[in-house]
Amino acid sequence: MKQKFFAIATIAVLAIVGVFIFEYATLAQRPDRNAQNQQRGNRQGGERGNRGGMPGFINPVSIVDNSWIDLTFAVKVDDETLVKARPVYQKTRDKAEAKIKELRASGNWQTMRSEIQKFVAVIGPEFHASLKEVLTEEQLAKLNKLTKERQTQMQQRGNRQGGERGRRGGGGGGGGRQ
């Protein structure tokens, strides 16, 4: 009886493992794998940063979020200053979210990048001037330094991703099975 139970359990485990391996081994060969990844929660274009999105795309919400994180944890301003800075960040973040939502609703992905860059060019100085009223010169200088470092890192990451896309044969039409 024990041998029969063991044999059935072994077959069941092998069947489950086989189905799991088959599912994920063939995932790479399906033409709609990006849609399937999105259904599983592996979003490629995400709200934060530029994970797999358009190369060179600047997400202003991400810039504001990262600036808040830097202000809170790297610059380490006191709680009073954070309370004063919060409305500045909230106003800027709300404007950025509204602009992105507007551009997404228009469905014009071709011009989205240039429109976002124009928006960042306009909102950036306004954001900086508002922070100048709240932060000391030393705090603002440190925050600006951290922001520039982060943007440089993001650009370098974007350049690497762009190069990898090119090597993967994204648009060339070379040989290979289809």
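Guide: Two residues are in contact when heavy atoms of theirs lie within 4.5 Å. The model shown here is predicted.

Visitor: Leaving aside neighbours within four places in sequence, which residues is Lys99 in contact with?

Guide: Lys99 has its place in helix α4. Neighbours within four places in sequence are set aside, and the contacts of Lys99 are then with Glu115 and Phe119.

Visitor: Is Lys99 buried or exposed?

Guide: A residue counts as buried under 20% relative accessible area. Lys99 has a relative accessible area of 18%, so this lysine is buried.

Visitor: How many helices and how many strands are in the chain?

Guide: From the N terminus on, the elements run α-α-α-α-α-α. The count for the chain is therefore 6 helices and 0 strands.

Visitor: In which helix is confidence lowest, and in which is it highest?

Guide: Over the chain, the mean pLDDT is 75, and 67% of the residues reach 70 or more. Among the helices, the lowest mean, 51, belongs to α2 (residues 33-39), while the highest, 89, belongs to α4.

Visitor: How many contacts beyond four places in sequence does the model have for residues 170-178?

Guide: Where pLDDT is low, the predicted coordinates should not be read in detail. Over residues 41-52 pLDDT stays under 50, and the model has 22 contacts there beyond four places in sequence. Residues 170-178 also stay under 50, and for them the number of such contacts is 1.

Visitor: Why is the pair of Trp68 and Tyr89 called edge-to-face?

Guide: The structure holds 2 aromatic pairs. In the pair of Trp68 and Tyr89, the ring centres are 5.0 Å apart and the planes stand at 70°. Planes over 60 degrees apart count as edge-to-face. The reason for the name is therefore the angle of 70°.

Visitor: How many residues apart in sequence are the parts that Trp68 and Tyr89 tie together?

Guide: Trp68 belongs to helix α3 (residues 60-74), and Tyr89 to helix α4 (residues 79-106). Because the two lie in these separate helices, their pair ties together parts whose distance in sequence is 21 residues.

Visitor: With which residue does Tyr89 form a pair at 5.0 Å centre to centre and 85° between the planes?

Guide: This aromatic pair is edge-to-face, and the partner of Tyr89 is Phe127. The pair links distant parts of the chain, 38 residues apart, with Tyr89 in α4 and its partner in helix α5 (residues 109-134). Both residues are buried. One aromatic cluster is formed by Trp68, Tyr89 and Phe127.

Visitor: Which element gives the largest share of the largest nonpolar core?

Guide: The largest nonpolar core has 13 residues, and those with the most contacts inside it are Leu71, Val77, Tyr89, Leu131, Leu135 and Leu143. Two or more residues of this core come from each of α3, α4, α5 and α6 (137-167). The largest share, 4 residues, is given by α4.

Visitor: How many residues are in the other core, which has Ala96 and Phe119 among them?

Guide: This core lies apart from the largest one, and its members include Ala96, Leu103, Phe119 and Ile123. Its number of residues is 8.

Visitor: Which residues does Val77 touch, not counting those up to four places away in sequence?

Guide: Val77 is one of the residues with the most contacts inside the largest core. With residues up to four places away not counted, Val77 touches Leu71, Leu82, Leu135 and Gln139.

Visitor: How far apart are the end C-alpha atoms of α3?

Guide: α3 has 15 residues, and at 1.5 Å a residue they should span 21 Å. The model agrees with this, since the end C-alpha atoms are apart by 20 Å.

Visitor: What distance separates the C-alpha atoms of Asn144 and Asp70?

Guide: Asn144 is found in helix α6, and Asp70 is among the buried residues of α3. Along the chain the two are 74 residues apart, yet the separation of their C-alpha atoms is 9.7 Å.

Key: Residues are numbered from 1 along each chain as its sequence is written. This is a predicted model: local features need pLDDT of at least 70, side-chain atom pairs count only at pLDDT 80 or more; totals for chains, interfaces and linings use all residues. Side-chain values use heavy atoms; hydrogens and water are left out. Rings of Phe, Tyr and Trp (its six-membered ring) pair if their centres lie within 6.5 Å; planes under 30 degrees apart count as stacked, over 60 as edge-to-face and the rest as tilted. Buried means under 20% relative accessible area, exposed over 50%, partly exposed in between (1.4 Å probe, protein chains only). A nonpolar core is a set of buried Ala, Val, Leu, Ile, Met, Phe, Trp, Tyr and Cys residues joined through side-chain atoms within 4.5 Å. The expected span of a helix is 1.5 Å times one less than its number of residues. pLDDT is the predictor's confidence in each residue, from 0 to 100.
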